[in-house]
Structures are given as structure tokens and as C-alpha cells.
Amino acid sequence: MSDTEKKRAKLTGIILNIQYPDGTPRIITLDPNETTGLFWSDQTVLEIFAPYYDNVDSEMTKDQFIEHFGPEAKKLLGKNDKIKITRNVVNELWMLPDKQGFLRAVLGKDTKCTPR
């Protein structure tokens with residue numbers, strides 16, 4: 001029996017439990033039909049996720065980018081209305097503090113090959 005003939009279990013939900021350095025907890029629920037990968041350590045973001053964009057053409061509009069990564073991400077856009085997602089952009093997102101000054105706990109990849 002081939003792998004395509006076998007019945008595969010289906011992931012129906014993803015729940016992330018995050019705790020910020022100040023002790024604040026946050027629960028994020030993701031739809032596995034929209035998120036196809038999660039990366040939560042320096043090693044996986046910098047050595048696997050970021051290099052992925054060396055071989056993939058992906059871009060986001062200014063509005064999409066700010067919606068996903070917050071107003072702090074505006075500085076990565078410059079004056080452009082779109083941003084090409086590159087290894088460097090992913091590296092910068094990973095090291096970009098949020099409005100509280102905390103680095104993000106996780107980055108994801110969606111079905112359109114854009115980071116989340």
C-alpha cells in the first residue's frame with residue numbers, strides 16, 4: 001500500500017501558549033489550513049526558515065506586512081508599498097522588538113509562502 005493510499009490523521013487545530021519575559025501569558029490559535037510551518041527557535045528560524053526564501057519568490061503588500069507584524073515592522077518597509085520576502089527580511093523580523101520591547105516567540109509560514 002502506498003503512502004497516498006494510507007489514511008493520514010488530520011491536524012485540526014494549533015494552539016500556542018506563549019509567556020512573555022514580564023510574565024504575561026498569551027494564547028494564539030492557528031488554523032492548520034492556513035499555517036503550514038512554525039519556527040520558534042533561533043536555530044530553526046535562522047538556519048531553516050530564513051534560507052527558504054533564497055529559493056522562493058514571495059512578497060507582501062505594505063498593509064499585509066503591517067497587519068501580520070505590527071506597526072514596528074514599518075521600518076523594514078522603507079517607502080515601498082510592497083516588500084520582497086528574503087532571508088534578510090525574515091532575520092530582521094525575528095530580531096524586531098514589539099511595542100513592549102519583546103522579541104517574538106514564533107514565526108510561521110502560510111499557504112501563500114509568506115511569513116506570519
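The model is predicted, so local features are taken at pLDDT of at least 70 and side-chain atom pairs at pLDDT 80 or more, whereas totals for chains, interfaces and linings use all residues. Residues are numbered from 1 along each chain as its sequence is written, and side-chain values rest on heavy atoms, with hydrogens and water left out.

Helices (H or I, at least four residues) and strands (E, at least two) are DSSP runs, numbered from the N terminus. In a regular strand, side chains alternate between the two faces of the sheet.

What does E1 pair with? Its partner is strand E2, residues 25–30, which runs antiparallel to E1 and is joined to it by 6 bridges; two strands pair if DSSP finds at least two bridges between them.

Now for the charged residues. Side chains of opposite charge can pair when their charged atoms come close. A salt bridge is counted when a side-chain nitrogen of Lys or Arg lies within 4 Å of a carboxyl oxygen of Asp or Glu, and this rule gives 4 of them. One of them joins Lys84 and Asp57, at 3.2 Å from N to O. This pair links distant parts of the chain, 27 residues apart: Lys84 sits in strand E5 (residues 82–84), and Asp57 in the loop between helix H1 (42–52) and strand E4 (59–61). Lys84 is partly exposed at 44% relative accessible area, while Asp57 is exposed at 72%.

Another salt bridge is formed by Lys82 and Glu59, whose closest N and O atoms are 3.4 Å apart. Lys82 lies in E5 and Glu59 in E4, so this pair ties together parts that are 23 residues apart in sequence. Lys82 is partly exposed, at 47%, and Glu59 is also partly exposed, at 45%.

Asp110 and Arg116 meet in a salt bridge as well, at 3.8 Å from N to O. Is Asp110 buried or exposed? Asp110 is buried, with a relative accessible area of 6%, whereas Arg116 is partly exposed at 30%.

Key: Buried < 20%, exposed > 50% of the residue type's maximum accessible area, 1.4 Å probe, protein only.
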